[in-house]
Amino acid sequence: MAICRACTPARRPLNRTAMTIRVRFAPSPTGRIHIGNARTAILNWLFARKAGGEFILRFDDTDRARSRAEFADGISEDLAWLGIAPDIVQHQSKRFALYDAAAEQLKDGGRLYACYETPDELERKRKRQLARGKPPVYDRAGLNLSDEDRAKLEAEGRTPHWRFKLSARAVVFDDLVRGEQSFDLTSVSDPVLIRGDGSYLYTLPSVVDDMDMGVSHVIRGEDHVTNAAVQVDLFEALGGTAPAFAHHSLLTGADGKGLSKRLGSLSIEALRAAGLEAMAVVSHAALVGTSDAIVPHHDMGGLIDSFDLGKLSRAPARFDEAELANLNARLLHETPYSEIAGRLAALGCDAGEAFWLVARQNISKLADISQWHEVTYGEIDPVIAADDLAFVTGAVDALPDGAFDETTWKTWTSAVKESSGRKGKALFMPLRLALTGLDHGPELARLLPLIGRDRAIERLTTGSG
RNA sequence: GCCCCCAUCGUCUAGUGGCCUAGGACGCCGGCCUCUCACGCCGGAAACAGGGGUUCGAGUCCCCUUGGGGGCGCCA
């Protein structure tokens, strides 16, 4: 009998409140996360926070050979840096009893069956089907094996892998990003749930945990859409109900090609090491591919307020590092002193609000601030061209009396202009070069008071001695 | 090979048959801010992939082509 979702009795073996919104981010700790994974995590986080729900970080570490604790720790660090603080952290490697029980339940119900083909044999079957223009769907040979067949195969030394028998029906679900999705399960291979070595593939643990943990919404990349149909069938075979699904499109590189090749440089770890602001990364990841303008956010608040899965485009979006860099600079340019003082101090560059406000406009990464700190307060090499020596020396005498303030520059350069007859670039550039050693930099009107009279005189007279 | 999704300025997008002379944001270009690089402000250039339909009327609906993404694993 075909299973009808609508008339399946509501059997929820979960002691969870039905209405609780709960999402999960389930990375496998076989490496660090990259911008694509992080985007999924951020989307989940924003959704959970907006709904007042919970965010589960669930490590998919059932593959003991490839999973490593340090990667799990690294991923936790990456998320923390991004501002994501999971409400619950779980490790699937500690939950095998649940998966074993579910597997038994499926075997008892005739939904999990043993198969004995080797990977090679399966590959040949697929090739043959493809050659004949047929879809490479598993032929269910394992399902038709008799007890004697199995005994014989095992006597040959073969150990079975186990497949889930999909029901013969179309699965329909309403994807929160993609709309109604319909999949004919007869055109999909029965998924292998348990490997020949007895280990679990991701499908069963994922479904079992989503049920057990009361996950209400599964938000993930569109590379999982077909899996969703299979999982709906599994959820129901296990006596549960599938959560709501939302499959967002994937990111491509700036060239429009898949992101997969350059994941190393796009790891969160690498972006952080490159000196980018976490909120620049978060802002970009949260807004790219949506109808909202990609603007810097200083905290999650605004992002949470405007978050809506419906704003996500179904088309792939490009991740452009140049745009991220630009966003990072814009974020810094508008960052108030109070928000950054602690980090300036950590860099040894906390010289007060006035310094930050003038210097921030000339940085694209926070670390760039040290250059301006040095230019303002440290030792520099004044640049005074031979042609400008007399001019610069003369300018020293024109320095106004009294404490320097933001009017000093104007007063001073006006006087120098008067006495020297110079104007424009010829007037200002030699002064900038002498005062900062550079032909570019923050506004001198605001920088000069910070440099102060003593340092200014010292720099202006350096080349003359 | 087959299946699914997508297709508007360089990029992210608004657009749900007349409100579109196609809007916004970033970027780009120009101007201004008595100097530079920036910041800021003002202004400008910039797109409906192509071809067929349907319709009085199509960016908007349908088909084909092209292009991009995803899937068809004892990966996740």
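In which loop is Arg 422 found? Arg 422 is found in the loop between helix 16 (408-420) and helix 17. The structure is a predicted model, in which local features need pLDDT of at least 70 and side-chain atom pairs count only at pLDDT 80 or more, while totals for chains, interfaces and linings use all residues. Residues are numbered from 1 along each chain as its sequence is written, chains are lettered from A and ligands numbered from 1 in the order in which they are written, and side-chain values use heavy atoms, with hydrogens and water left out. Helices (H or I, at least four residues) and strands (E, at least two) are DSSP runs, numbered from the N terminus.

With a relative accessible area of 22%, Arg 422 is partly exposed. On this scale buried means under 20% relative accessible area, exposed means over 50%, and partly exposed lies in between (1.4 Å probe, protein chains only). Leaving aside neighbours within four places in sequence, Arg 422 is in contact with Asp 387, Asp 388, Phe 391, Lys 417, Leu 427 and Pro 430. Contact means heavy atoms within 4.5 Å. Arg 422 and Phe 391 are 31 residues apart in sequence, and their C-alpha atoms are 9.1 Å apart in space.

Two packed helices are described by the angle between their axes and the distance between the axes. For helix 15 (residues 389-398) and helix 17 (residues 424-436), the axes come within 10 Å and cross at roughly 80°. That makes helix 15 roughly perpendicular to helix 17. Axes are lines fitted to C-alpha atoms, for helices over the stretch in contact, and angles run from 0 to 180 degrees between N-to-C directions. Angles under 35 degrees count as roughly parallel, over 145 as roughly antiparallel, 65 to 115 as roughly perpendicular and the rest as oblique. Helix 15 contributes Phe 391, Val 392 and Ala 395 to the contact, and helix 17 contributes Ala 426, Leu 427, Pro 430, Leu 431 and Ala 434. These residues divide into eight nonpolar, no polar and no charged. Here Ala, Val, Leu, Ile, Met, Phe, Trp, Tyr, Cys and Pro count as nonpolar, Asp, Glu, Lys and Arg as charged, and the others, Gly among them, as polar.

Strands of a sheet pair through backbone hydrogen bonds, either parallel or antiparallel. Two strands pair if DSSP finds at least two bridges between them. Strand 1 (residues 22-25) and strand 2 run parallel, joined by four bridges; in this pairing Phe 25 has Leu 57 of strand 2 as bridge partner. Strand 2 also pairs with strand 3 (residues 88-91) in the parallel sense, over four bridges, and here the bridge partner of Leu 57 is Val 89. Five of the six residues of strand 2 (residues 54-59) are buried, so strand 2 is largely enclosed by the rest of the structure.

Strand 1, helix 1 (residues 35-51) and strand 2 make a right-handed β-α-β unit, and strand 2, helix 2 (residues 69-82) and strand 3 make another right-handed β-α-β unit. A crossover is right-handed if, with the strands pointing away from the viewer, the path from the first strand over the helix to the second runs clockwise.

Asn 44 lies in helix 1 and, at 0% relative accessibility, counts as buried. Not counting residues up to four places away in sequence, Asn 44 touches Val 23, Arg 24, Phe 55 and Ile 219. Thr 40 is also found in helix 1 and is buried, with a relative accessible area of 11%.

Four bridges pair strand 4 with strand 5, where Cys 115 stands opposite His 161. Strand 4 is covered on both faces: Leu 112 and Ala 114 on one side, and Tyr 113 and Cys 115 on the other, are all buried.
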